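User: I have a structure open here and have not looked at it before. Can you walk me through it?

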Amino acid sequence: ADTAVHDDDDTAVRDALVLPGGERVVPVGASLALLKMCADHLAVARRVPSLGPVAVYKIAELLRVFNSRTSQLVLGAGSMRTA
């Protein structure tokens, strides 16, 4: 059982991102999916410049919804319902 804890720790260290300040963080899947969706919107805006304003609006909306929902889950009772 003790080695499983170390294996998880090793995986977390390997999967960690290093921020500019040197701090290591392990991103959750939802955060990585959010970044992927933002990157996809930006790629569309780059290929079709006329869609740029729409892409920016959609990214802002996506960030607002993500922030709202994660706040509800972390700070509210929603985290107890989904656990």
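Analyst: What follows is a short tour of this model, taken topic by topic.

User: What kind of model is it?

Analyst: It is a predicted model. The protein chain averages a pLDDT of 80, and 75% of the residues score at least 70.

User: Where is the confidence lowest, and where is it highest?

Analyst: Confidence is lowest in α1, with a mean of 53, and highest in α2, with a mean of 93.

User: OK. How many helices and strands are there?

Analyst: The protein chain has 4 helices and 2 strands. Along the sequence they follow the pattern α-β-β-α-α-α.

User: What share of the residues is buried?

Analyst: Of the 83 residues in the protein chain, 11% count as buried. The chain exposes about 6600 Å², and carbon and sulfur atoms supply 64% of that area.

User: Let's take α2. How far does it reach?

Analyst: Helix α2 has 19 residues and reaches 27 Å from its first C-alpha to its last, close to the 27 Å expected at 1.5 Å a residue.

User: Which of its residues are buried?

Analyst: In α2, Leu34, Cys38, Ala43 and Ala45 are buried. What covers the buried residues of α2 includes α3.

User: Then which residues of α3 are buried, and what do they pack against?

Analyst: In α3 the buried residues are Gly52, Ala55 and Ile59. They pack against α2, which covers residues 29-47.

User: Why do you expect a span of 34 Å for α3?

Analyst: Helix α3 runs over residues 52-75, which makes 24 residues, so at 1.5 Å a residue it should span 34 Å. Its end C-alpha atoms are 34 Å apart, which agrees.

User: How many salt bridges does the structure hold?

Analyst: The structure holds 1 salt bridge. The side chains of Asp40 and Lys36 meet in it, at 2.8 Å from N to O.

User: Where do those two sit?

Analyst: Asp40 and Lys36 both lie in helix α2, 4 residues apart, which is about one turn of the helix.

User: Why does that spacing matter for direction?

Analyst: An α-helix has 3.6 residues a turn, so residues three or four places apart point the same way.

User: Switching topic: which residues form the nonpolar patch on the surface?

Analyst: Val44, Val48, Leu51 and Val54 form a nonpolar patch there, with about 280 Å² of accessible area together. One of them, Leu51, is found in the loop between α2 and α3. Leu51 is partly exposed, with a relative accessible area of 38%.

User: We skipped the strands. What about Leu17?

Analyst: Leu17 lies in strand β1, residues 17-18. It is partly exposed, at a relative accessible area of 43%.

User: What is Leu17 in contact with, leaving aside its neighbours within four places in sequence?

Analyst: Leu17 is in contact with Glu23, Arg24, Val25 and Pro27. The C-alpha atoms of Leu17 and Pro27 are separated by 7.4 Å, and the two residues are 10 residues apart along the chain.

User: Last one: where is Asp15?

Analyst: Asp15 is in helix α1, residues 2-15. Its relative accessible area is 40%, so Asp15 is partly exposed. The C-alpha atoms of Asp15 and Val25, 10 residues apart along the chain, are separated by 8.6 Å.

How values were computed. Residues numbered from 1 in each chain as written. Heavy atoms only, no water. Expected span 1.5 Å × (residues − 1). Buried < 20%, exposed > 50% of the residue type's maximum accessible area, 1.4 Å probe, protein only. Contact = heavy atoms within 4.5 Å. Salt bridge = Lys/Arg side-chain N within 4 Å of Asp/Glu carboxyl O. Areas by Shrake-Rupley, 256 points an atom, 1.4 Å probe, with all protein chains shown as cover. Patch = residues over 30% accessible without salt bridge, like charges linked within 9 Å, V, L, I, M, F, W, Y side chains within 5 Å. pLDDT = per-residue confidence, 0-100.
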